[in-house]
Amino acid sequence: MPSLPAPPQPSPDATAAGDSDALAEARDAAAGGATKRAYVQGVFSDIAPRYDLLNHLLSANVDRAWRRRAIRRLGWETAPEGRYLDLCAGTLDVAVELARRPGFRGRVLAADFAEPMLRAGTRKRAGLPVSPVTADALQLPLADASAAGAIVAFGARNLSDLDAGLREVHRVLRPGSRFVILEFSLPRSALVRAGYLAYFRHVLPFVGRIVSGHRSAYRYLPDSVAHFPTGDALAARLRAAGFARVEWESLTFGIAAIHTATKGA
């Protein structure tokens, strides 16, 4: 029986060109604009099967402690039976952590527009009051003033229109409710920042590509962090969206930060 011909292999030049195009697309998306929404949705859908593994591996598991600290800032204890929004919920780590808190008797609506991410976290929510919903952060399927609080962990920088996203969260929150943003930041120390950027720009994209198999996803990450407002700049954007009592704190030498804001009465 004759053997089948081997499938054609891309030439080195074609591979290099493909890599270059993928990296250019990641840079364009990180800078924002019309292409960002489609790029982010596609990338996170593609890497969903390996997302948790890479998150914990590349952060040395410190991301778990950051998420727990952010949830403590949410102040859910004042309304333990309320409905809470986990925005850009991904594989449900934050939603599940909140739902497991002793004394929590409410429900967590876990919203993400990359449905494969939500599906990848399905097993985590077994028996817990967590409801995944495929939804765009800029058009949430919630009535005005219907959520007792909202949190977003490592997703705010992926919004195609940050200011519109902040206003949308403000819309769905009840007066007096808190909004918590956990996001990467840029360390103030020149020494720490140099090491952080070297890791972000070289080690993380290399390991991320090997494990996920995606050409540009983990190049997009450092680019998106570089374009995201941090510290006082993000606090100002929250105030412009209508939030009050805006505070922020740095985590782990400034490589991440938690912003907390409240919807006024």
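# Reading a predicted fold: helices, sheet and spaces

Modeller: The buried residues of helix α3 are covered by parts of the chain that include α2 (36-47), α4, α5 (93-99), α6 (115-120), α8 (190-212) and α9 (217-227).

Biologist: How many residues of α3 are buried?

Modeller: Helix α3 spans residues 51-58, and six of its eight residues are buried. They are Tyr51, Asp52, Leu54, Asn55, His56 and Leu58. In general, an α-helix has 3.6 residues a turn, so residues three or four places apart point the same way. After α3 comes Ala60, whose phi is positive, near 55°.

Biologist: I turn next to the sheet. In what order do its strands lie?

Modeller: As a general idea, the strands of a sheet pair through backbone hydrogen bonds, in either a parallel or an antiparallel sense. Here the sheet is open, with seven strands in the order β3-β2-β1-β4-β5-β7-β6 and mixed pairing. At the edges stand β3 (130-134) and β6 (243-251), each of which pairs on one side only. On average, neighbouring strands are turned by 15° against each other, direction ignored.

Biologist: Which helix packs on the sheet and touches β4, β5, β6 and β7?

Modeller: That is helix α4 (residues 62-73), whose direction makes about 160° with that of β5. A further helix, α10 (residues 232-240), lies across β5, β6 and β7 and runs at about 160° to β6.

Biologist: The pairing is mixed. Do β4 and β5 run parallel or antiparallel?

Modeller: Strand β4 (residues 147-153) and strand β5 (residues 173-184) run parallel and are joined by six bridges. Within this region, Ile151 stands opposite Val180 of β5. By contrast, β5 and β7 pair in the antiparallel sense over seven bridges, and Arg178 stands opposite Thr262 in β7.

Biologist: What joins β6 to β7?

Modeller: Seven bridges join these antiparallel strands, with Ser250 opposite Ala257 in β7. The two strands form a hairpin with four residues between them, and Thr252 in the turn has a positive phi of about 50°.

Biologist: How many residues of β7 are buried?

Modeller: Eight of the eight residues of β7 are buried. Ala256, Ile258, Thr260 and Thr262 point one way from the strand, while Ala257, His259, Ala261 and Lys263 point the other way. Both sets are buried.

Biologist: How many aromatic pairs does the structure hold?

Modeller: There are ten aromatic pairs. One of them, formed by Trp66 and Phe184, is edge-to-face, with 6.2 Å centre to centre and 85° between the planes. This pair links distant parts of the chain, since Trp66 lies in helix α4 and Phe184 in strand β5, 118 residues apart. Trp66 and Phe184 are both buried. Ring pairs also link Trp66, Phe154, Phe184, Tyr196 and Phe200 into a cluster.

Biologist: Why is Asp161 classed as partly exposed?

Modeller: Asp161 is partly exposed because its relative accessible area is 34%, which falls between the 20% limit for buried and the 50% limit for exposed. Asp161 lies in the loop between β4 and α7 (162-172). Its C-alpha atom is separated by 9.6 Å from that of Ala137, 24 residues apart along the chain.

Biologist: What is the volume of the largest pocket, and which residues lie nearest its centre?

Modeller: The volume of the largest pocket is about 440 Å³. It is lined by 25 residues, and Leu58, Phe184, Phe200, Leu204 and Leu221 lie nearest its centre. Helices α2, α3, α4, α8 and α9 each supply at least two lining residues, and α8 gives the most, with five. Two features already discussed return here: Leu58 is among the buried residues of α3, and Phe184 belongs to the aromatic cluster.

Key
Residues numbered from 1 in each chain as written. Predicted model: local features only at pLDDT ≥ 70, side-chain atom pairs only at ≥ 80, totals over all residues. Heavy atoms only, no water. Pairing = 2+ DSSP bridges. Axes fitted to C-alpha atoms, helices over the stretch in contact; angles between N-to-C directions. Contact = heavy atoms within 4.5 Å. Phe/Tyr/Trp six-rings, centres within 6.5 Å; stacked < 30°, edge-to-face > 60°. Buried < 20%, exposed > 50% of the residue type's maximum accessible area, 1.4 Å probe, protein only. 1 Å grid on protein atoms, 1.4 Å probe; cavity = no way out; pocket = protein on both sides within 12 Å on 5 of 7 lines; lining within 4 Å. Points joined across faces, edges and corners; volume = space filled by probe spheres on them.
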